[in-house]
Amino acid sequence: MATLETAASSTATPRPVDVTASAGRRPSRGRSRAGLRWLGVAPLTAYLLVFLLIPAGELVVDAFRSPAGRFTLGNISAVFQSQYISSFGASLELSALAALFGGLLGLLAATAIVHPSAPRFVRSTVTTFSGMAANFAGVPLAFAFTSTLGATGVITVAFQHLGISLAAIDPTSTTLGLALVYNYFEFPLMILLLLPALDGMKREWREAAQNLGASGFTYWRTVALPILLPSLLGTMVLLFGGAFSAYATAYALSGSTGNLVTELIGNLTNGNVTVDPQLAYALALGMMLVISVLMVAYYLLQRRASRWLR
Amino acid sequence: MAALSPAAPATVRRPRRRRHLPLWHAFWILAAAAYFIVPIISLVQFSFGGRVDGHSAGFHWYATVFADPNFASSFWLSVQIALETVALSIALLVPTAFWIHLRLPRLRPVMDFVSVLPFVVPPIVLIVGLIPFLQPFTFIYSRPEVLDFIYVVFAMPFLYRSLDAGLRAINLQTLAEASANCGASTWSTLIRVVVPNLRSAIIGGSFLTVAIAMGEFTISSLLSFNTFPVYIFNIGQSTSNEAAALAVISLLLTWALMIALYVVGRGGRTTAQMAATR
Amino acid sequence: MARVELRGLHKTFGGGTVALDRLELDVASGELVSLLGPSGCGKTTALRIVAGFETPDAGEVLVDGVDVLGLPASRRNMGMVFQSYSLFPNMTAKANVAYPLRIRRRPKAEREARAVELLDLVGLARQVDRYPHQLSGGQQQRVALARALAHEPAVLLLDEPLSALDAKVRVQLREEVRRIQLELGITTIYVTHDQEEALSISDRVAVLAEGRVEQIGTPAEIYNRPRTPFVASFVGTVNQIDAVVVSPAEGAVRCGERVLVVDGDLSGHAQGADVGLYLRPEDVVLVTDEPEGTPGASGTSGASGTSGASGKVRSITFLGPVTRVGVDCELGALVADVASDVALGLGIGDPVTVVVEPGRMRTLV
């Protein structure tokens, strides 16, 4: 709220200070009109306050509370027990893998789509299918991969006949397998999110580079990549965040045996083994910190990207 | 045409450069296609399998699904929540987006940022924070309608971005001035002029919202509401073939929504299409 | 420096549109030739073929007698200035200009020195460390020009380099382009749709229409001796007068009731054939009919000797130093350019006498 008010008064200030007019009335009228203008965003602000910011604040406070309601650092220190801290490691590793896979594959696919020699229909086809794949997630996706790469999955069984074990990429028990599942929506998501940035690349840049003697690779190394890098990293940060936050897919794959942070929080909140809401708050606080770092990185990269792509 | 031309040197190079690409491309396209299609084929195969003698079970599991009264009740619960979420989202976001574009344009970058927040705030974190806050309000906390309010937050990035793109495309300032010049109030400008022009953005954003609300698992499961995805999950704990059949149904529903979105989007700008909760 | 020849360039686009129709063009070493024409005449396509961004269906592009069509754009050793947006946004002005030298792996010190020298040449000595988004449109195009020259290309190609700029900057910059081009003596092809631009900076102008060269010549030739109705009407403004050939040998035609001897070859016309006469507005002289002997609108001595056609002022358009006056007279509806101070005395509906020097009237082949 405080930010809203300062912003509102700053709208009122630039209004011409009319020296000849009765100085007492003018500014106040200007302020109230400016205030009315800000009233237009009040419903959304209030809504987000109740359903996004207050829960976040509640969580921060509760992370430092004992079940009896007293201040404690016990929840926080409990997070640093090996089991919980390693869950952060697992989540971060999974997110990094998923962002890297999805990011690089998505970049390759997206550049292929916008390449001048690619036929027109390719783009609409790929974006439509990307839209479909990016929306195939959660419980149904988990089941699809269980039936493909799970212990009795179609591909697993087929490879068993060839004498090859696919246990290393079993999505129900390995991080690599889970990353492969996440990639199913991260890869198309990368394509969809990166296309606008690629559309911002001017044809003239490629042609000017060629004209000045650059090969296709040199153009990519010296011009396209430096320009795209902020958008590229920004989008990969979003993919990272998406994988880090994901719960449904992982939970449906590994059940209560999973060791990702999200899965632990779920178990501690509603699990059949142990219920310890205080610890869940502390873990969630940890996740919020990670996400905050990501958002700052995303914001800085976005700002950098918009400097070039105007 | 080109074959007749005497300018052979110009055309000689191109086939040489292009001959590599199709093979190379074809390999990657096939690999990507396999990656995306095989899990779906496996899923479908599972939904027809499960007989001890190894023969196809046909539509047995689908019949089982449709015979289960819990299927219908969870499905309609999800539909109801989805429609309520759409209505609430539109009521909240359409006037706000309009107002920001018309009167507070410098809030636009702020909104761009705010609108991605729910995209990265983990649902599990949000719900862990919401439970202690909402618990005292039993009249809402115990009813499935509580999900409407929470889903609006998660649908916001998609609906807002869709509206934002739509508003950018219509030159709102001029439209609003022209409308005011004809004597319309701001409110009637919104209803009579802006909303009809934003139709495809609103419909597109609504489809995405439906997709989110229909697929959301984390929150409804932690609040113990038996929505459609929770139902699928629970079936999966016991009968995997039946769960596969349900997953196929859910997949077809999502695709139908996406195709509808595509058809709507053809009229105007297509917006980025990702909405599922993961 | 290099000589450029385009031989029988032919290009058809997907929809069957003929962009180039067996185009022929010679550009001498060190010469600046403009390709002038309306949009869609194929001028940009021709330039892009020379640069290597398009492939013709037929024909050759020779640089010093060697066909370069087999070479990719990156190995043609040409410098190109695009219409706009061509600077790399991630590099400063200096880095942009040094880019072609960086590609050629020249030592850093040499690159920097050359970039600074070129930026100085285009008048941007103080903006070397600015990024493109910190430069105005005109400055950006200066940097683009410097960059296109950095690797000492054999040929400089300019694709409507000034069309995205304000009128004033445009005039200023075109003079600089010409100054630098003369200073370096670089063979240059300049594409533009602006006839004033083409006439003011070129050694020769090639007027293109529908994928072929309608006429090529010095700016004065193009303006004063257009060979086709298209050139006459595209370059500058013309009056067209219908006439009938009286004597092909003497160049005599009849127009209304007058017989005039005109400039131009009539040998291809039979006696009694219809011809079109073309006349620039500045060659139409208006004499006001006022008795007190105000001097004629433009002081031509021939006013008494030649055919005066009486007419009425239809319109008056102020163009700065001259005023364009529309007149209805026996010869038809004509426009005349009159010194503005003289035109002050005119009003719509005023009777005037139109005097035309027959030698200024031209027939086209």
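The hairpin of β9(C) and β10(C) has 2 residues between its strands, and in it C:Glu210 takes a positive phi near 50°. This is a predicted model, in which local features need pLDDT of at least 70, side-chain atom pairs count only at pLDDT 80 or more, and totals for chains, interfaces and linings use all residues. Residues are numbered from 1 along each chain as its sequence is written, while chains are lettered from A and ligands numbered from 1 in the order in which they are written.

You can pick out C:Ala206, whose bridge partner in β10(C) is C:Ile216. Strands here are DSSP runs of E with at least two residues, helices are runs of H or I with at least four residues, and both are numbered from the N terminus.

Strand β9(C) has another neighbour to look for. Strand β3 of chain C, residues 32–36, pairs with β9(C) in the parallel sense over 4 bridges, and C:Val33 has C:Arg204 of β9(C) as its bridge partner. How many of the 6 residues of β9(C) are buried? The count is 5, so the strand, residues 204–209, is largely enclosed by the rest of the structure. A residue is buried if 20 or more other C-beta atoms, placed from the backbone, lie within 10 Å of its own.

Now turn to chain A, which has 14 helices and 0 strands. Of its 310 residues, 43% count as buried. Among contacts in chain A between residues at least 6 apart in sequence, 66% join residues at least 24 apart, a contact being two residues whose C-beta atoms, placed from the backbone, lie within 7 Å.

Chain A also meets both of the other chains described here. With chain C, the contact takes 18 residues from chain A and 19 residues from chain C. On the chain C side, β6 (78–81) and α2 (93–103) each supply at least two residues, and α2(C) gives the most, with 3 residues. By class, this side of chain C has 12 nonpolar, 5 polar and 2 charged residues. Here Ala, Val, Leu, Ile, Met, Phe, Trp, Tyr, Cys and Pro count as nonpolar, Asp, Glu, Lys and Arg as charged, and the others, Gly among them, as polar.

With chain B, the contact takes 60 residues from chain A and 58 residues from chain B. The side of chain B that touches chain A has 45 nonpolar, 11 polar and 2 charged residues.

Note on methods
Buried ≥ 20, exposed ≤ 12 C-beta atoms within 10 Å, placed from the backbone. Pairing = 2+ DSSP bridges.
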